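The following note sets out points on the fold and on selected local features. Please read it alongside the sequence and the coordinates.

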Amino acid sequence: MFKFHIFIALLIPSALALHSPSGSNDSLPYLWPLPSDFTSGNATLSVDPQLSLAVAGNGGNSAIVKAAFDRYRGIIFKHTSGVSIFEQIWGRRRTFVYDISELKIVVHSDSEELQLGVDESYTLFVSNKDAQSIIGEATIEAPTVYGALRGLETFSQLCTFNYETKDVQIYQAPWYIKDSPRFSYRGLLIDTSRHFLPVDVIKHIIESMSYAKLNVLHWHMVDEESFPLEVPSYPNLWKGAYTKHERYTIEDAYDIVTFAKMRGINVMAEVDVPGHAESWGVGYPNLWPSPSCKEPLDVTKNFTFDLISGILTDLRKIFPFELFHLGGDEVNTDCWETVPHVKQWLVDQNMTTKDAYKYFVLRAQELAISKNWTPVNWEETFVNFPEGLNPSTIVHNWLRGGICPKAVAHGFRCIFSDQGVWYLDHLDVPWDRAYRADPLEGVSDFSQQKLIIGGEACMWGETADASNVQQTIWPRAATAAERLWSKNETVSGNITVSVLPRLSYFRCLLNRRGVEAAPVKNFYARRPPTGPGSYLSLFLWCSLFTVRTMSIYLITLLFFCSSLLSSLTYSTSTLPCDFPICSFFCPGD
């Protein structure tokens, strides 16, 4: 019995420690997404609330860098200015020497061009005082301003406000981080046709994307339900908006693109043709084949393609990103055969409706390419006519698995958004299923792997508006963000232990930054908490489920063994230890 009591005395405090208020595992780096390579120590450094910026390199004086530093300084020092209210009232000032008083940012290139494949790598070094220096050092070095932005995000996540000392600290220093993304395209789709999202809401989404190092906002602007965007060349198009108050001016769109660029995020516009376009005909009824056949758009009229060309010309002045999404999905051509003039055109052109679908998609691609855009199309275009697509086409997978391997085998580039894992409106997809998804699954050839440019989490808007869009996006979009940024090895092992605590912590970080991220372990995404508790209450119980459950079972068995030992009338020295757990406590073992 002696060994039993000793073990219980050691085990119970350990089990209780799992539910400590901090709820953190010091062996884990609480960074999201996980950097490519890093080392850390065991020192704690204080950070001066008057942290200053020093810049170097050809791009050090970039307005993008300076604005980002100011943003992150506001985030890091949200709770402190260095002087407490009591010190102000009583006129007493602490004499305190901070370890980190300056952040140095070195940017080698002065180019601020933001395109697919821009270098987002960076190194971050945070050191403590040593024999050579009486102060600590924090330095970010990057080839481009966009790498510097990613480094600033990581630095901000290293900084933690200590409520006891009321200062900002960096734990586990010194840190050396050498980081770069696994994929160049790391996207999030928003849908402003099914529900209008105000400009400030879109900006809030963009801001939250930067926290997870996502770098493409796929703006599904219009669809069959509404056409909220102003197109100067065809001003009646936005008559297809829900109301005159649910619209985006050209200035709004430009503002969103500019706001995103300051955070290292491209905006890829989508105008989905020839299906999903019923709203277009509200302003221009001639686009409808007939009053009873409102989509697909009328393939027979030059006016249809003139209008598409006008849209592309106007949008090219606002959206500098090289990719433009032309949709092409879910095209039901049945009604084309019921409209007399379309049916006759098909006969004259010796086309089937499938041929006409292909004709429409390829003609739209030609228009986009003529505006110096690279066309992106949903996977149905590749499935139906892979031989006809322009070789520069990027195939966007969504409907079924195994599309990207087939697309890259044909020489096309591919974006992964399998609806079974990365469609955020599918509320029953658990975090771990989303996390285990890999865009490179089924592709072993290195040259073909390079054609998969990345992936995208999709926030379709049928059941999401300004009231709930953020808690539907987050934190599940963060799983895609880490899989697209970090090494594939992060998925190895027990992700409930290695990933879930960090994801739960990142969800709390989003909440602290004003992002309405839902609990990680909700059975259905975006549902509110089930009762009172900490940010980390579910994490403390669920993320350490294996350890906690084993501890509870072990304690139960130990008490069972204790009762068994006490109730037996014969000597413990002759106790037959048939139970594996009980045998641990048998004398002489």
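How many bridges join strand E4 to E5, and do these strands run parallel or antiparallel? Five bridges join E4 (residues 122–127) to E5, and the two run antiparallel.

1. Basis of the note. This is a predicted model, in which local features need pLDDT of at least 70 and side-chain atom pairs count only at pLDDT 80 or more, while totals for chains, interfaces and linings use all residues. Residues are numbered from 1 along each chain as its sequence is written, and side-chain values use heavy atoms, with hydrogens and water left out.

2. Overall content. The protein chain holds 22 helices and 16 strands; these are DSSP runs numbered from the N terminus, helices being H or I of at least four residues and strands E of at least two. Of its 589 residues, 55% count as buried (buried means under 20% relative accessible area, exposed over 50%, partly exposed in between, with a 1.4 Å probe and protein chains only). Among contacts with a separation of 6 or more, 74% come from residues 24 or more positions apart; contact means heavy atoms within 4.5 Å.

3. The eight-stranded sheet. An open sheet with mixed pairing has the strand order E1-E8-E4-E5-E3-E2-E7-E6. Strands E1 (37–39) and E6 (159–162) stand at the edges with a single partner strand each, so one side of each is left without a neighbour in the sheet. On average, neighbouring strands of this sheet are turned by 30° against each other, direction ignored. Axes are lines fitted to C-alpha atoms, for helices over the stretch in contact, and angles run from 0 to 180 degrees between N-to-C directions.

4. Strand pairing within the sheet. Two strands pair if DSSP finds at least two bridges between them. E3 (residues 100–107) and E5 (residues 137–142) pair in the parallel sense over five bridges, with Lys 104 opposite Thr 139 in E5. In the antiparallel pairing of E4 with E5, Leu 124 stands opposite Ile 140 in E5. E6 pairs with E7 (residues 167–173) in the antiparallel sense over four bridges, and Val 168 in E7 is the bridge partner of Phe 161.

5. Helices H2 and H4. Helix H4 lies across E2 (43–56), E3, E4, E5, E6, E7 and E8 (175–179), running at about 35° to E4. Helices H2 (residues 63–76) and H4 (residues 145–158) pack at an angle of about 10°, their axes 10 Å apart. H2 is therefore roughly parallel to H4 (angles under 35 degrees count as roughly parallel, over 145 as roughly antiparallel, 65 to 115 as roughly perpendicular and the rest as oblique). The contact includes Ile 64, Phe 69 and Tyr 72 of H2, and Tyr 146, Leu 149 and Phe 155 of H4. By class, this contact has twelve nonpolar, one polar and one charged residues; Ala, Val, Leu, Ile, Met, Phe, Trp, Tyr, Cys and Pro count as nonpolar, Asp, Glu, Lys and Arg as charged, and the others, Gly among them, as polar.

6. Helices H8 and H10. The axes of H8 (residues 302–316) and H10 (residues 353–370) come within 10 Å and cross at roughly 35°. Among the residues making the contact are Phe 305, Ile 308 and Leu 312 of H8, with Tyr 359, Phe 360 and Arg 363 of H10. The contact of H8 with H10 has seven nonpolar, three polar and one charged residues.

7. Asp 438, in the loop between H14 (431–436) and H15 (446–449), counts as buried at 13% relative accessibility. Not counting residues up to four places away in sequence, Asp 438 touches Arg 182, Phe 416, Arg 483 and Asn 488. Glu 380, in helix H11 (residues 379–384), is buried with a relative accessible area of 11%. With the same exclusion of residues up to four places away, Glu 380 touches Gly 328, Asp 329, Glu 330, Tyr 357, Trp 398 and Leu 399.

8. Backbone points to inspect. Most residues other than glycine have a negative phi, and most peptide bonds are trans. The bond from Glu 295 to Pro 296 is cis, with omega near 5°, and Pro 296 is in the loop between H7 (280–283) and H8. A cis peptide bond also joins Trp 474 and Pro 475, with omega about 10°. Lys 166 has a positive phi of about 55°; this residue, in the loop between E6 and E7, is partly exposed at 42% relative accessible area. His 276 has a positive phi of about 55°, but counts as buried at 8% relative accessibility.
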